[in-house]
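The sequence and structure come first.

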Amino acid sequence: MAKVVLESLNKVFTSKIGKDVKAVNNFNLILDDGEILALLGSSGCGKTTTLRMIAGFETASSGQIKIGERLVNDLKPAERNVAMAFEGYALYPPLTVKDNIAFSLMREKISKEKVDSKVMEVAELLEITDILDRYPPSISGGQQQRVSLARALVRDSDALLLDEPMSQLEPQLRAVLRARVKDYIQHNKKTVIFVTHDQTEAVALADKIAVMENGDLKQLASPYEISAKPSNVFVASFIGEPPMNILKAKINTVEEKLKFEILNDENEKTFSIKFNKDNIKKENLAKLANDQLITLGIRPHKIFFNEKESNFDGKASSSSYHWLGDQVHIGIEINGSSIIGVADRDFEPSSDVKLNFPAESINIFDLETEEVILNGL
Amino acid sequence: MRFNIWGVLKILAYIAIIMFFLFPIAWIFNMSFMTNDEILRKVPVLFYEPTLKNYIGLWKGEIAIEGFATMYVYFKQNLINSAILSVGSVSVTLLLGVPAAYAFARYKFKGGEDIAFTLLSFRFAPALLIILPLNLYFSQIGLYDSYFALIWVYQLITLPLLLWIVRGYFEDISPDIEYAYRLDGHSWFQSFWRISIPLAKPGIAAASLLCFIYAWNNFVFALILGSSQIQPVTVGALAFITASAIPYGLIACGIVVSVLPTLILALFIQKYLVQGLSLGAIKG
Amino acid sequence: MSYLKLENLSKSFKDDKVISNLNAKIDKGEFFVIFGPSGSGKTVLLRLLSGIMLLDNGAIEMDNQVINEFQPEERDISMAFQNFALYPHMKAYDNIASPLRANNKNISDEEIDQKVKEVASLLKIEHVLNQFPKELSNGQKQRTSLARSLISKPSVVLLDDPLRNVDAKIRFEMRLELPKVLKEFNTTVIYVTQDFREAMALGDRIAVLYDGKFNDINSPKSIYQNPSSLTTAKLFGDPTINNFNATIKKQNEFVEVDIKGEQIKLKRKTNVQDGECIVGIRPEDIILSNEPLENSIQVEFRTKTPLNLRIVFLVRLKNGLELLCSTTEEESQLIDENKKMYISFLEEKSHFFDKETKRNLE
């Protein structure tokens, strides 16, 4: 398996009528040998185009793609030594599932026993041993997707590219198969790049996540960092389920306590969150200007309920209550502003909800540029 | 600009091919504006004095040929016959074929595929195979020399043609769209008329055009099963060749006029063909 | 008084009994969720309810009237399809207006215009009304489809997994928005989904569909905490419930669970007979610690992965049985994987299922 390097990668789709489409803008990435990268974003953000450029199905408009030490820009897909699992599965209809998976191994010079044992290994991993002798048209979409994934996993290649590899899987299987696939990939030290629009999948599988939007790379970091230290509002609100609460606020540093006045869509004040200035680092305080308008973000999981005292002024009432087995999602209204909180499954909100916004969980973003100012006070 | 030898050769090849196919047509077009003398001249000329004598003759029904007597032509009637037969055939085919195509697309019934294939197989058989028996039958039941008979016979070819093309288009429409329309409160027929047919328009348009061309160009059936009264232009053109003279100019003129309706129809239908293809699928 | 009654519904295709003896009573204004894995017959059931498909057997009663023989356009039921099913040759405006333009209604153009704009505004799609479906994003198509199904204020609206084909992020937003929108229309909602979280978040009651019929019809909490069978229990919860064969023996106020030699004691009462059964315990109901607590058993740490802002530990008993345990992020930081690990089961949270039938024995 090899290192993958993308330098200033660009892709522009020219059009004879209308505007050109900038699908991928100046994408830079270094992925070490054996690392797993997720390209994460909504439809049309450029993640699939990027993957296809690495595979060789799209030519880069400019920039360099290196797999291992080789510059592969001008190489055809077959010459790049990459394995790929496609979003549309692309299984060979006249071959059985077993032969589909083994197909790519036939080119490598290994014995039939070895081929069989490799195929069985991935088949057991993905729970498709019972359909090995069936043909693609006769199995379900979720099963086809697993076969496509098996076919790509089993190959020995410099890099493994997966396009939405688990989107059609039955929800009951997803957590288990994800863990097994991650184990297999790590065990075999494969370099993997996969595309997904599901942030849960990205967080569970990847060592590094590249969040993309409109062709731009919004942040490239580990799952932990992206979740705890998002570098802009887009990334902050994309990762996490329920998504981060994003609020508009005005800073007040002149009073005794540091105050964030939360504003609604009409810029009217709804409630304020207060902090003791002594509890805040000096260098952080220095980054905040009085009367400055900012975007404030706080994750639902980081809002603490059952506190004796709230650190905001305003009356909070619960507007929705979703009991989800291992946790509850509570919709809260405070003077007209709505936020979502996550609490322990035994929690039942009373009419007067007490909650606390911890300082270390407050994220501050610039209102215009949406870039981060502080991840935690 | 880079001088590319392959580019130049490609263009030359295009020109050669276009000339090869279009030249005879262009020549006939020219001939229709020439008199017989000019046509038969030993050395062909590019420039000549165009005359409308042929067209007027076709329209009036008679033309004077130099050195010979007046020649009477019934071309106008032939044109009308062609029109009646073609429009009639296509209408019948649409009326029967479109609902049938829908049935084949939506309902899986026993022997469905077999019936569809049988209908298609009619195209495999050459017309000559059945022409004599048909002639006998039609004469016996008094259908010889009637528009009705010819339109009926044309269905043998046009109906399967339309069926197979339009069925594919109906199959491409997701049934959910039709269900949705019915759940909105509309009846089955309204869903067929306002949803299924408009969405299959390109297919119906293309198929209609092909059926029209078939009917318009048909020669064998028209020749054997009808007399001069219902003869379309294809058969009527034979009458131009008389013992005394072959009025090439007139023939050329007849050809141009015969081709015109189909050409105009094709151009007109193009709009529907393109329009339908751009509507896109349900999702994404 | 139930508004919609489904009595012994059956539908087969050749030898495949897709739906057999399905029963349910749905109240007026209820948000009734039908939850089932793919292939369980949800789509067929919706087609039977909407009238697109005919029943083999059974009766559908709406407002005390049997509607089996009614054509789709005669039933006061509308449907939003999973793949949207918008009319591609009509603008969004006309798609939404379509139900109001059906024959049996006499509504003026002005009124139609007003109603379309009202619904569009509620679903935040006024700005795309003049566009054709192919120009809309998936989220906008979904809202247009919903607008169309709600505009005529039907008595019952069927929503066929409407959030399935929508991006993960928008799905969550709509999950919060949908109930509010639907409340405005005061209609009885039958919502089909494959996502158990969606089912639990949205439903007043959930009907769990598999084996051709509803196996549980209950509130989300009841189904989660008291499933009728192991199959139902497995369908709710991520990661899936741990389940394993064991022999149980009641001893005073304990139940001794013997798993192939390993023993763990549960402090609880039960009416279940001693003997072999399948024991089920959810990952979040297993207590993980570095110290041997009361009634705990030692385990070996294997891996840990993050999942939905919780941490999932894979542990293994001495006899090879693997179990998943989930904790909050904060709790996981108190566990040291390099030290010894012990697990115990939360008292009342274990389940006992019959070994053959998989039914809940309690």
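Predicted model: local features only at pLDDT ≥ 70, side-chain atom pairs only at ≥ 80, totals over all residues.

Residues are numbered from 1 along each chain as its sequence is written, and chains are lettered from A and ligands numbered from 1 in the order in which they are written.

Chain A gives 28 residues and chain C 32 residues to their contact (C-beta atoms, placed from the backbone, within 7 Å). On the chain A side, the elements that supply two or more residues are tabulated here; helices (H or I, at least four residues) and strands (E, at least two) are DSSP runs, numbered from the N terminus.

| Element of chain A | Residues |
|---|---|
| α5 | 171-187 |
| α6 | 199-205 |
| β17 | 316-323 |
| β18 | 328-334 |

β17 and β18 of chain A also belong to an open antiparallel sheet of 3 strands, ordered β17-β18-β19 (strands pair if DSSP finds at least two bridges between them). β17 and β19 (337-343) are the edge strands, each with a single partner, so one side of each has no neighbour in the sheet. Between β17(A) and β18(A) there are 7 bridges, and A:His322 lies opposite A:His329 of β18(A).

Chain C has domain 1 (2-227) and domain 2 (242-353), with bounds from an automatic or database domain assignment. Their C-alpha centres are 41 Å apart.

Notes:
Contact = placed C-beta atoms within 7 Å.
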